[in-house]
Amino acid sequence: MDLDLPDLDGKTYLLTGSTSGIGRDAARRLAQCGATVLLHGRDRERGRETLSAVREAGGDGVFVRADLADPEAVAGLARVVDERCDRLDGLVSNAALSVPERETAMGTERTLAVNHLAPYRLVHDLAPLLLESAPARVVVTTSGVHRRGEIDPETIAPGEPARSPPDEYDALAAYARSKLANLLFVYQLAARLAVVAPEVTATAYHPGFVPGTRLYRSVRGPFGLAVALAARFPGVGTSVAAGGAGLARLVASPAVAGVSGAYFAGTERALPDERVDDAALRARLWEASAELVGVDPELPLDPVAVED
Ligand SMILES: NC(=O)c1ccc[n+]([C@@H]2O[C@H](COP(=O)([O-])OP(=O)(O)OC[C@H]3O[C@@H](n4cnc5c(N)ncnc54)[C@H](OP(=O)(O)O)[C@@H]3O)[C@@H](O)[C@H]2O)c1
């Protein structure tokens, strides 16, 4: 893929979930162009190893460890970025997981907490720095599987999925829900930014099926076996390199400068599920997310205050 990335010397990016998979690949690509990349994940060893790769590629960075299921750790991650950086050119929420059994975090189901509430909180806390650094970009890695997601903002807390009995936890349904939440969030964020700070953009990214990452490591049964086999055959699905390149392109390529409220499958602009057009659903999820995270839904991106 011709990435067409400019010189990124002087640019700073926070890239969550960059100790592995497509996030790690994207971090290395940004570093190759001279960027400073704030690397993030849970695993210290992979963090150290990724930091070395970033430095070898010609960039600089720091590894920040934070479990995004822990609200204090998410707030702490934002604080570190705020304290260490005098600018933030891109906030990339790429970290995600799928847990095989129901677990609770941040007053909701853990997959939703890590994959959606943590990105929400990071935007809330880092919006002032992004606005000061404009033009800047928010990118959230979602998935094509969002089309299978079901979400009702009124029932996402506590212990979601609220309507299924505890013994019928469906990990794929929870993952798909979190990825639909990513898209509803990005489009709502883009609508707010269009009023408050048009030079800050928000886009969502689907890398394709990337069997070579660690995402599917806890998946058991026939699907787990199929992914393990797929990872051994180049040509099945998308390579980690292509997934990382597409992410780096959305973060820093001039080809997508100024594009906001958009969904990309690889390098192609795509239409998300039609529920993403539902402004009332987006607004209700925004409110419910703020309540779960414990922040004011209007701050720091209040379109009404700007219009007044
Ligand atoms: N692979 C695919 O087929 C596919 C398809 C569509 C979308 N995606 C999306 O692509 C993104 C990257 O996934 P990947 O496939 O590259 O998977 P991956 O190799 O498993 O990478 C996931 C990253 O997220 C971090 N992470 C996971 N849970 C975390 C937590 N609780 N707190 C902090 N960090 C956490 C991991 O860090 P540690 O391991 O250090 O904790 C790792 O750096 C995800 O948003 C995923 O949903 C992937």
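In which strand does E268 lie? E268 sits in strand 10, residues 268-270. I will come back to that residue after an overview.

First, the ground rules. This is a predicted model, where local features need pLDDT of at least 70, side-chain atom pairs count only at pLDDT 80 or more, and totals for chains, interfaces and linings use all residues. Residues are numbered from 1 along each chain as its sequence is written, and side-chain values use heavy atoms, with hydrogens and water left out.

Now the chain as a whole. Its secondary structure comes to 9 helices and 10 strands. Both are DSSP runs numbered from the N terminus: helices are H or I with at least four residues, and strands are E with at least two. The C-alpha atoms fill a box of roughly 55 × 50 × 35 Å along the principal axes. For 308 residues, a compact globule would have a radius of gyration near 19 Å, and the chain, at 18 Å, agrees with that. The radius is taken over C-alpha atoms, and the globule rule is 2.2 Å times the number of residues to the power 0.38.

How much of the chain is buried? Of the 308 residues, 56% are buried. Buried means under 20% relative accessible area, exposed means over 50%, and partly exposed is in between, with a 1.4 Å probe and protein chains only. The chain exposes about 13200 Å², and carbon and sulfur atoms supply 50% of that. These areas come from the Shrake-Rupley method with a 1.4 Å probe; for residues, only the protein chains shown count as cover.

Next, contacts, meaning heavy atoms within 4.5 Å. Taking the contacts with a separation of 6 or more, 79% join residues 24 or more positions apart.

As for charge, there are 32 positive and 42 negative side chains, and the centres of the two sets lie 7 Å apart. Lys and Arg count as positive, Asp and Glu as negative, and His and the chain ends are not counted. The place of a charge is NZ of Lys, CZ of Arg, CG of Asp or CD of Glu.

Let us turn to helix 8, residues 279-293. At 1.5 Å a residue, its 15 residues should span 21 Å, and the end C-alpha atoms are 21 Å apart, so the two agree. The expected span is 1.5 Å times one less than the number of residues. Among the buried residues of helix 8 are L281, L285, W286 and V293. Their cover includes helix 4 (110-132) and helix 5 (171-196).

Two backbone details come next. Most residues other than glycine have a negative phi, and most peptide bonds are trans. M106 has a phi near 50°, a positive value in a residue other than glycine. M106 is in the loop between strand 5 (104-105) and strand 6 (108-109), and is buried because its relative accessible area is 13%. The other detail is the peptide bond from A134 to P135, which is cis, with omega near 5°. P135 is in the loop between helix 4 and strand 7 (136-141).

Back to E268, then. Is E268 buried or exposed? At 55% relative accessibility, E268 counts as exposed. E268 and L39 are 229 residues apart in sequence and 26 Å apart in space, C-alpha to C-alpha.

D86 is in the loop between helix 3 (71-84) and strand 4 (90-93). With a relative accessible area of 69%, D86 is exposed. D86 and T12 are 74 residues apart along the chain, and their C-alpha atoms are separated by 9.1 Å.

C33 is in the loop between helix 1 (21-32) and strand 2 (36-41). C33 counts as buried, at 18% relative accessibility. Beyond its neighbours within four places in sequence, C33 is in contact with L5, P6, D7, L8 and D9.

I22 and F223 are 201 residues apart in sequence and 21 Å apart in space, C-alpha to C-alpha.
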